[in-house]
Amino acid sequence: MLLHNGSSFVIYFGDKKDRCVKATRNYSFTSFKNIKKVLPNAEKLVFIKQEHGVEGVCIDDHSQIPTEITLFKQKGDFIITSLRKVGIGILSADCLPLVIYDLTKHIIAVAHVGWKGAVGDIVLNLINTLKNKYGSKPSDFNIYFGPCAKVCCYQVENIFLKHLENFSFIDNVIFKRDEKIFFNLPRFIKFQLINFGVKEENIHKEYNNCTICDTRFYSYRRGDIENRQASVVLLK
Ligand SMILES: [Zn+2]
């Protein structure tokens with residue numbers, strides 16, 4: 001477990017040890033109860049049915065989250081909240097858990113960003129939602145990357161490159177070694193964030209371990225088909 005304890009917010013990046021979540025169709029609330037033990041300030045926990053898409057949900061009223069642990073029925077891959085003591089989370093095994101803290105508006109967001117969401121512009125959609133709905137400015141964002149598949153291990157096929165051909169920074173996110181091709185997912189997302197106005201020095205990568213070669217974490221590519229780790233952020 002990796003824990004970032006900021007003055008206004010706390011981020012939990014889970015791993016196998018924390019009895020992580022089995023991603024069945026109904027999700028496992030047993031594991032979420034364990035997360036609440038790690039985050040004693042969390043009066044409520046909220047997750048969303050992820051689909052590798054680009055949409056998300058904003059929670060600004062407790063009526064949206066009637067139960068102690070809520071799984072939103074609608075699908076989506078990011079959650080934004082202005083509410084204190086509400087832990088918002090995503091599940092992942094190789095995709096990037098992305099956390100945003102807007103230090104001016106005092107708003108948090110969490111997103112599940114795999115390559116499909118990344119090329120589909122989930123990051124742009126999330127930032128536009130923060131700008132349009134909350135008046136946020138990307139230059140005020142502090143961003144935290146959780147564990148994901150990294151370039152040391154994230155091998156892709158040649159055909160994958162067609163998904164990246166419209167991005168000007170493609171040459172900076174693809175690496176060739178021993179005639180194999182590797183994709184740098186966190187760097188791809190970092191380029192997007194900087195293009196959208198986030199300051200490079202505000203992108204924090206100290207929790208961005210590689211889920212494939214660091215066996216503390218579940219990895220879909222290493223064979224964890226159903227198991228996931230949770231990433232949760234909470235305004236204190
Ligand atoms: Zn690795």
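Modeller: Donors are N, O and S atoms within 2.8 Å of the metal (3.2 Å for Na, K and Ca), and sites may look incomplete because water is not among the atoms. Here the zinc ion has as protein donors the SG atoms of Cys-152, Cys-153, Cys-210 and Cys-213, at 2.2 to 2.4 Å. The model is predicted: local features need pLDDT of at least 70 and side-chain atom pairs pLDDT 80 or more, while totals for chains, interfaces and linings use all residues. Residues are numbered from 1 along each chain as its sequence is written, and side-chain values use heavy atoms, leaving out hydrogens and water.

Biologist: What is the geometry of the site of the zinc ion?

Modeller: Four donors count as tetrahedral if all angles lie between 85 and 135 degrees. The angles among the four donor atoms of the zinc ion are 102 to 117°, and the site is tetrahedral.

Biologist: How are the donor residues of the zinc ion spaced in sequence?

Modeller: The spacing is C-C-x56-C-x2-C. Strands are DSSP runs of E with at least two residues, numbered from the N terminus. Cys-152 sits in the loop between strand 11 (141–145) and strand 12 (155–156), and Cys-210 in the loop between strand 15 (203–204) and strand 16 (227–235), so the pair ties together parts 58 residues apart in sequence.

Biologist: Is Cys-210 buried or exposed?

Modeller: Buried means under 20% relative accessible area, exposed over 50%, and partly exposed in between (1.4 Å probe, protein chains only). Cys-210 is buried at 6%, whereas Cys-152 is partly exposed at 40%.

How values were computed: Tetrahedral: all angles 85-135°; square planar, octahedral: opposite > 155°, others 65-115°. Helix = DSSP H or I, 4+ residues; strand = E, 2+ residues; numbered from the N terminus.
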